[in-house]
Amino acid sequence: MANPTCALCGQQADSEDLPLTWVTSLENGRQLVYCDRCARDNVRNIETKLDSAWW
């Protein structure tokens with residue numbers, strides 16, 4: 001299995017395990033992951049469940 005990759009910036013995790021500081025999101029039936037930096041920058045959009053296309 002590949003290391004998790006941030007859906008916004010493309011940063012890869014150091015291991016196959018998802019880091020605890022990363023966020024997962026289910027959008028249009030797909031599970032996406034966001035690194036801690038992208039999640040922190042877009043926390044309000046994530047909390048309101050706004051699709052990442054609108055960020």
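The legends below describe close-up views of a predicted protein model.

Residues are numbered from 1 along each chain as its sequence is written, and side-chain values use heavy atoms, with hydrogens and water left out. Because the model is predicted, local features need pLDDT of at least 70 and side-chain atom pairs count only at pLDDT 80 or more, while totals for chains, interfaces and linings use all residues.

**View 1. Overall arrangement of the protein.** Two helices and two strands are present, and their order along the sequence is β-β-α-α. Helices (H or I, at least four residues) and strands (E, at least two) are DSSP runs numbered from the N terminus. Of the 55 residues, 24% are buried, that is, under 20% relative accessible area with a 1.4 Å probe and protein chains only.

View 2. Strand β1 covers residues 23–27 and strand β2 covers residues 30–34. The two strands pair in the antiparallel sense over five bridges, where pairing requires that DSSP find at least two bridges. E27 has R30 in β2 as its bridge partner. Two residues lie between the strands of the hairpin, and N28 in the turn has a positive phi of about 50°.

View 3. Leaving aside residues up to four places away in sequence, T24 touches L18, Q31, L32 and V33, a contact being heavy atoms within 4.5 Å. The C-alpha atoms of T24 and I46 are 9.6 Å apart, with a sequence separation of 22 residues.

Methods. Buried means under 20% relative accessible area, exposed over 50%, partly exposed in between (1.4 Å probe, protein chains only).
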